[in-house]
Amino acid sequence: MNINRRCALALAGALVLGGATGALAADKKITLGFAQVGAESEWRTANTQSIKTSAAKAGITLKFSDAQQKQENQIKAIRSFIAQKVDVIAFSPVVESGWETVLKEAKAAKIPVILTDRAVSVKDDSLYVTFMGSDFVEEGRRAGHWLLDNYKAQGNVNIVELQGTVGSAPAIDRKKGFEEVIKAQPRFKVIRSQTGDFTRAKGKEVMEAFLKAEGKKINVLYAHNDDMAIGAIQAIEEAGMKPGKDITIISVDGVKGAFEAMIAGKLNVTVECNPLLGPQLMDAVRDVVAGKSLPKRIVTKESVYPQSVAAKEFPNRKY
Ligand code: GYE
């Protein structure tokens, strides 16, 4: 028997078996279309890496698109995934609003959508299967609690805030959670708040403007992510002040760069936001394809890391 014929027979056998047990359908290679936000931060790089390696490990074919922080690019990518008839679409929405139309298109094409990392605000929550990611309001609250518990000097405390991307879930929620907590002590006041778009370059630029306008009046910087805090640290040093001492700095994410800054005494605390969502996402993709139902919300578990534990924790950090 030649090889081709043997293969054909084996395949026929597999088809019969598969047909009988349904195993063949379950073993079909799944294609996932993923529309990423961009490459704006250390967090995002770790998130992308996690998604790519977990897809490869799970044997899922990944079509990956980088939207360069633009919603229109993400919408285009999602439309192209629909046209290519992928099995599942997952994405991390740049901003919260403006998704109804394209999500309805995915629904009409019967392609399930999983939200990762950032949420959307839509009236009809049947437009997506599940949203997995952090509780950003809680992260903002944790930042606020750390400040109230650890800022000892008396008198008014002037805070400047570097917000994330305008209209994004983490920027909206981290601001909200922080404000909710600090309003309990009116001596803590946000005197300036502006977006730094989650990048180091923008964080530095906006901090320079804050320093020009307010100078030594600034007591605290609250940055919605580590990258903006790291950019701002440079601006503070260039202005001849000591980051982490003259200005107390709080940020969010917990990337390695933040731990390094804490070890150097330049950052006071980072509130963890875990980007390693890949394995969880691949499990969800498989479950959705297998027709299993998923919880509407899957929340990531996280902690807070102050400067005092940075050196000890650093070797354990995975991103
Ligand atoms: O905090 C920031 C990134 O959506 C949680 O996006 C994510 C945020 C993260 O650019 O660094």
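Mentor: Welcome! A polar contact here is a pair of N or O atoms within 3.5 Å; inside the protein, one atom must be able to donate a hydrogen and the other to accept it, and residues adjacent in sequence count only if both atoms are side-chain atoms. This is a predicted model, in which local features need pLDDT of at least 70 and side-chain atom pairs count only at pLDDT 80 or more, while totals for chains, interfaces and linings use all residues. Residues are numbered from 1 along each chain as its sequence is written, and side-chain values use heavy atoms, with hydrogens and water left out.

Trainee: Thanks! How far is an oxygen atom of the ligand from an N or O atom in the side chain of Glu 40?

Mentor: Let's begin with the surroundings: 13 residues surround the ligand, counting those with a heavy atom within 4 Å. Glu 40 is listed among the closest, along with Asp 117, Arg 118, Arg 174 and Asp 253. From the side chain of Glu 40 to a ligand oxygen, the distance is 2.4 Å.

Trainee: And which distance separates a polar side-chain atom of Asp 253 from an oxygen atom of the ligand?

Mentor: A polar side-chain atom of Ser 41 is 3.0 Å from a ligand oxygen. For Asp 253, the value is 2.6 Å.

Trainee: How much of the area that the ligand exposes when taken alone does the protein bury?

Mentor: Accessible areas come from the Shrake-Rupley method with a 1.4 Å probe, and for residues only the protein chains shown count as cover. Taken alone, the ligand exposes 300 Å². The protein buries a share of 100%.

Trainee: Is Asp 253 buried or exposed?

Mentor: Buried means under 20% relative accessible area, exposed over 50%, and partly exposed in between, with a 1.4 Å probe and protein chains only. Asp 253 has a relative accessible area of 3%.

Trainee: Why is strand S9 described as largely enclosed, and by what?

Mentor: Helices (H or I, at least four residues) and strands (E, at least two) are DSSP runs numbered from the N terminus, and Asp 253 is found in S9. Thr 248, Ile 250 and Val 252 are buried on one side, as are Ile 249, Ser 251 and Asp 253 on the other. Because 6 of the 6 residues in 248-253 are buried, S9 is largely enclosed by the rest of the structure.

Trainee: Which residue in S9 is the bridge partner of Val 220?

Mentor: Two strands pair if DSSP finds at least two bridges between them. S8 (residues 220-223) pairs with S9 in the parallel sense over 3 bridges. The partner of Val 220 is Thr 248.

Trainee: Which residue in S10 does Ile 250 stand opposite?

Mentor: S9 and S10 (residues 269-272) pair in the parallel sense over 4 bridges. Opposite Ile 250 stands Val 269.

Trainee: Through which helix does the chain cross from S9 to S10?

Mentor: A crossover is right-handed if, with the strands pointing away from the viewer, the path from the first strand over the helix to the second runs clockwise. The β-α-β crossover from S9 to S10 is right-handed. Its helix, residues 256-263, is H10.

Trainee: Last one: what percentage of the residues of the chain count as buried?

Mentor: The chain has 12 helices and 12 strands. Its C-alpha atoms fill a box of roughly 85 × 40 × 30 Å along the principal axes. Of its 319 residues, the buried share is 51%.
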